[in-house]
Amino acid sequence: THPDGDIPVTGEDIPEIDAMIQTCVDAHAKLFPGVPIAGWDLCVIDGEPKMCLLEVNLMCNFFKGSFDKPKYFEFMEDYFTFLEAHRKNQ
C-alpha cells in the first residue's frame, strides 16, 4: 500500500506511468542536471496539462519504501567516483 494513504498499489496498473516517468526525468534534466537522485511528487489531473509536478525531494527518505539497496549503493559509489575524477581533471 502507499505509505501516505493506505491505498493498494501492488499489482495495480497505473495509467500513463510512462508519461509520468518521462515528466519527472525531463524536469530533473532541466532543473537539477548535477543532482544524482531526487524524489519527485507528481499528480494527474483532469484537464490540461494532464500532469502537475508538486515538489522535488532532494533529500529522499527511503524509510517509507523499499528499494534495491545494492543497486542504489553501487549507483552512488559510481557517481562519487565520477565526481572525484571530474574534480581532478579541472
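Biologist: Does Glu-16 count as buried, partly exposed or exposed, and why?

Modeller: Buried means under 20% relative accessible area, exposed over 50%, and partly exposed in between, with a 1.4 Å probe and protein chains only. Glu-16 counts as partly exposed because its relative accessibility is 39%. Before we go on, note that this is a predicted model, in which local features need pLDDT of at least 70 and side-chain atom pairs count only at pLDDT 80 or more, while totals for chains, interfaces and linings use all residues. Residues are numbered from 1 along each chain as its sequence is written, and side-chain values use heavy atoms, with hydrogens and water left out.

Biologist: What is the pLDDT of the protein on average, and where is confidence lowest and highest?

Modeller: pLDDT is the predictor's confidence in each residue, from 0 to 100. Where pLDDT is low, the predicted coordinates should not be read in detail. Here the average is 84, and 90% of the residues score at least 70. Confidence is lowest in H2, with a mean of 85, and highest in H1, at 93. Such labels denote DSSP runs numbered from the N terminus: helices (H or I, at least four residues) and strands (E, at least two).

Biologist: How many salt bridges are there?

Modeller: A salt bridge requires a side-chain nitrogen of Lys or Arg within 4 Å of a carboxyl oxygen of Asp or Glu. By this rule there are two salt bridges. In one of them, Glu-16 pairs with Lys-50, and the closest N and O atoms are 3.8 Å apart. This pair links distant parts of the chain, 34 residues apart: Glu-16 is in the segment before H1, and Lys-50 is in the loop between strand E1 (39-44) and strand E2 (51-57). Lys-50 is partly exposed, at 31% relative accessible area.

Biologist: Which residue forms a salt bridge with Arg-87?

Modeller: The partner of Arg-87 is Glu-84, with 2.6 Å between the closest N and O atoms. Both residues belong to helix H2 (residues 69-88) and are three residues apart, about one turn of the helix. Arg-87 is exposed at 54% relative accessibility, whereas Glu-84 is partly exposed at 34%.

Biologist: Is His-28 buried or exposed, and which side chain does a polar contact join to it?

Modeller: A polar contact is a pair of N or O atoms within 3.5 Å; within protein, one must be able to donate a hydrogen and the other to accept it, and residues adjacent in sequence count only if both atoms are side-chain atoms. His-28, in helix H1, is buried because its relative accessible area is 16%. A polar contact of 3.2 Å joins its side chain to that of Trp-40. Beyond neighbours within four places in sequence, His-28 is in contact (heavy atoms within 4.5 Å) with residues including Pro-33, Val-35 and Ile-37.

Biologist: Where is Cys-24, and which residues is it in contact with beyond four places in sequence?

Modeller: Cys-24 belongs to helix H1 (residues 17-31) and is buried, at 16% relative accessible area. Apart from those neighbours, Cys-24 is in contact with Trp-40, Leu-42 and Leu-53.
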